[in-house]
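Please look over the sequence and the structure shown here before reading on, and keep both at hand while following the text.

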Amino acid sequence: MTASPTPTTLSSELAERLVSAERWLVLTGSGVSAASGVPTFRDAQTGLWAKYDSQALATPGAFRANPTLVWDWYEWRRSLIAQADPNPAHYALVELEGMKPALTLVTQNVDGLHQRAGSKSIVEFHGNIVRNRCFDCGVVADLEPEGDSRPPTCGHCGGFLRPDVVWFGEAIPQTALEAAAHAANAAEIFLSVGTAAAVYPAAGLAQAAAMAGATIVEINPERTPLSATADYVLDGPAASWLPAIASAVREGVS
Ligand code: BV8
Ligand code: ZN
């Protein structure tokens, strides 16, 4: 059944389900940060970067071929994120986590805005741009490396530093993969917010949750490959729908 009530009006059936369910898996994508002014992953390319394809730059091959170009791209994205603040979507998830202790937030985003908003139970499925690590020895390095070489070099082995994110063709960190799979297999609610549901294995979590009997809810102003199988599609922005869900749960549990 696909409910598409007017923005921020949840059907009573969905509201009751959200109030009664304890185990939630919330999967977020770059649409959650849109209201913070951070461009989504696919439309992140403006100006200087317009001629590059994000998916082609976010790979080990691109970094090996042109480390300075890829480093500069991440420095540009870091500059956008530095000007951004969490938005009502991020804060609604903090409130939901306070009312639903068994809520697991799995984020594909690397912008660190969930952490800055105050979410605690976060699985960083694709890493985090606010950290660097050495491309060669893997040591995690602090963000303000010395020297002005681009990329900076590792203090341990002299290799190039890279952002501590998961590139296309790289494996998801084992601990993140296990935590997300565990949450998906136990989920009563799977809430997919602001993601095109096109990148795997993150996009496969919805199928795992559905197999475990979870109610699948999607929040997105556009349709995605998940929309056809979701139990509820809430058509509209995360910064409208997530506060509405948080208030429905708050009223329901009070
Ligand atoms: C792996 C970090 C194996 C870097 C990212 C064919 C089939 C299946 C899989 C593959 C395949 N071919 C290749 C693969 C594998 C590949 C993949 O899935 N490719 C896709 C493109 C087909 N996956 C991988 O490579 C993964 N690794 O498979 O490893 C392996 C195993 C063992 C050993 C070695 C290897 C790794 C994938 C991780 C890539 N890294 N990010 C960086 O950020 O620079 S992914 C990147 O895309 C971001 O993390 C982003 O979050 C993510 C997903 O994008 P979305 O978040 O969905 O953002 P997008 O812009 O696409 O969409 C935004 C959505 O928001 C839209 O729907 C829009 O409508 C909506 N929206 C807009 N405004 C709002 C909104 N929603 C709500 N409110 C709003 N206001
Ligand atoms: Zn090193």
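The paragraphs below describe a metal site and then a group of aromatic side chains in this predicted model.

The zinc ion (ligand 2) is held by the SG atoms of Cys134, Cys137, Cys154 and Cys157, at 2.2 to 2.4 Å, and along the chain these donors follow the spacing C-x2-C-x16-C-x2-C. The angles among the four donor atoms run from 98 to 119 degrees, and the site is tetrahedral; for four tetrahedral donors the ideal angle is 109.5 degrees. Cysteine 154 counts as buried because its relative accessibility is 7%, whereas cysteine 157, at 40%, counts as partly exposed.

Turning to the aromatic side chains, the model contains six aromatic pairs. In one of them, the ring centres of phenylalanine 63 and phenylalanine 135 lie 4.9 Å apart with their planes at 45 degrees, so the pair is tilted. This pair links distant parts of the chain, since phenylalanine 63 belongs to helix 3 and phenylalanine 135, 72 residues away, to the loop between strand 4 and strand 5. Phenylalanine 63 is buried at 2% relative accessibility, while phenylalanine 135, at 22%, is partly exposed.

Tyrosine 74 and tryptophan 167 form another tilted pair, with ring centres 6.2 Å apart and planes at 45 degrees; the two residues are 93 apart, tyrosine 74 in helix 4 and tryptophan 167 in the loop between strand 6 and helix 7, and both are buried.

Technical notes: Residues numbered from 1 in each chain as written. Chains lettered and ligands numbered in written order. Predicted model: local features only at pLDDT ≥ 70, side-chain atom pairs only at ≥ 80, totals over all residues. Heavy atoms only, no water. Donors = N, O, S within 2.8 Å, 3.2 Å for Na, K, Ca; no water. Tetrahedral: all angles 85-135°; square planar, octahedral: opposite > 155°, others 65-115°. Buried < 20%, exposed > 50% of the residue type's maximum accessible area, 1.4 Å probe, protein only. Phe/Tyr/Trp six-rings, centres within 6.5 Å; stacked < 30°, edge-to-face > 60°. Helix = DSSP H or I, 4+ residues; strand = E, 2+ residues; numbered from the N terminus.
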